[in-house]
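Here's a quick briefing to read alongside the model. Have the sequence open next to it, and let's walk through the fold piece by piece.

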Amino acid sequence: MAVWYYSAGSTWVPFDTQSQKRIENLWRTAGAAWLYVGSFRGNAYVNGPSLCINYNGYNYPICRR
């Protein structure tokens with residue numbers, strides 16, 4: 001299974017297991033939604049097609065490897 005990461009400065013950090021599954025589903029269905037992201041300990045707007053996540057007013061690029 002692919003692993004999803006978000007950019008934290010110059011480091012790519014993996015998402016928690018539950019978020020991995022939800023982000024993968026959004027990406028596969030070309031969807032976007034508000035999700036609880038355990039890595040951030042809060043709700044974030046995940047945009048699968050744009051490969052970005054918005055949390056607390058900040059945009060984070062995401063990638064799948």
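Let's start with strand E1: four of its five residues are buried, so E1 is largely enclosed by the rest of the structure. Buried here means under 20% relative accessible area, exposed means over 50%, and partly exposed is in between (1.4 Å probe, protein chains only). Keep in mind that this is a predicted model, where local features need pLDDT of at least 70, side-chain atom pairs count only at pLDDT 80 or more, and totals for chains, interfaces and linings use all residues. Residues are numbered from 1 along each chain as its sequence is written, and side-chain values use heavy atoms, with hydrogens and water left out. Helices (H or I, at least four residues) and strands (E, at least two) are DSSP runs, numbered from the N terminus.

**The sheet**

- Six strands make up an open sheet, in the order E2-E1-E6-E5-E4-E3, and the pairing is antiparallel. At the edges sit E2 and E3, each of which pairs on one side only. Neighbouring strands are turned by 35° against each other on average, direction ignored. (Axes are lines fitted to C-alpha atoms, for helices over the stretch in contact, and angles run from 0 to 180 degrees between N-to-C directions.)
- Two strands count as paired if DSSP finds at least two bridges between them.
- E1 is joined to E6 by three bridges, and the two run antiparallel. Trp4 stands opposite Arg64 in E6.
- E1 also pairs with E2, again in the antiparallel sense, over four bridges. Here Tyr5 stands opposite Pro14 in E2.
- E1 and E2 form a hairpin with two residues between them, and Gly9 in the turn has a positive phi of about 75°.
- Strand E5 (residues 52-55) pairs with E6 over four bridges, in the antiparallel sense. Tyr55 has Tyr58 in E6 as its bridge partner.

**Helix H1 and how it sits**

- H1 packs on the sheet, touching E1, E2, E3, E4 and E6, and its direction makes about 175° with that of E3. Contact means heavy atoms within 4.5 Å.
- Which residues of H1 are buried? They are Ser19, Gln20, Ile23, Glu24 and Leu26. These cover an arc of only 165° around the axis, which puts them on the same side of H1. The arc is that of the directions from the helix axis to the C-beta atoms.
- The cover over those buried residues includes strands E1 (4-8), E2 (11-14), E3 (32-37), E4 (42-47) and E6 (58-64).
- On the other side of H1, Thr17 and Arg28 are exposed.

**Two H1 residues, side by side**

- Gln20 is in H1 (residues 17-28) and is buried, with a relative accessible area of 7%.
- The side chain of Gln20 reaches the backbone nitrogen of Trp4 at 2.6 Å. That's a polar contact: a pair of N or O atoms within 3.5 Å where, within protein, one must be able to donate a hydrogen and the other to accept it, and residues adjacent in sequence count only if both atoms are side-chain atoms.
- Not counting residues up to four places away in sequence, Gln20 touches Met1, Ala2, Val3, Trp4, Pro14 and Phe15.

**Positive phi in the loops**

- Most residues other than glycine have a negative phi.
- Ala30 has a positive phi of about 55° although it is not a glycine. Ala30 lies in the loop between H1 and E3 and is exposed, at 55% relative accessible area.
- Arg41 isn't a glycine either, and its phi is positive, near 60°. Arg41 is found in the loop between E3 and E4 and counts as exposed at 74% relative accessibility.

**A spot in E4**

- Asn47 is in strand E4 and is buried, with a relative accessible area of 19%.
- Leaving aside neighbours within four places in sequence, Asn47 is in contact with Gly31, Ala32 and Cys52.
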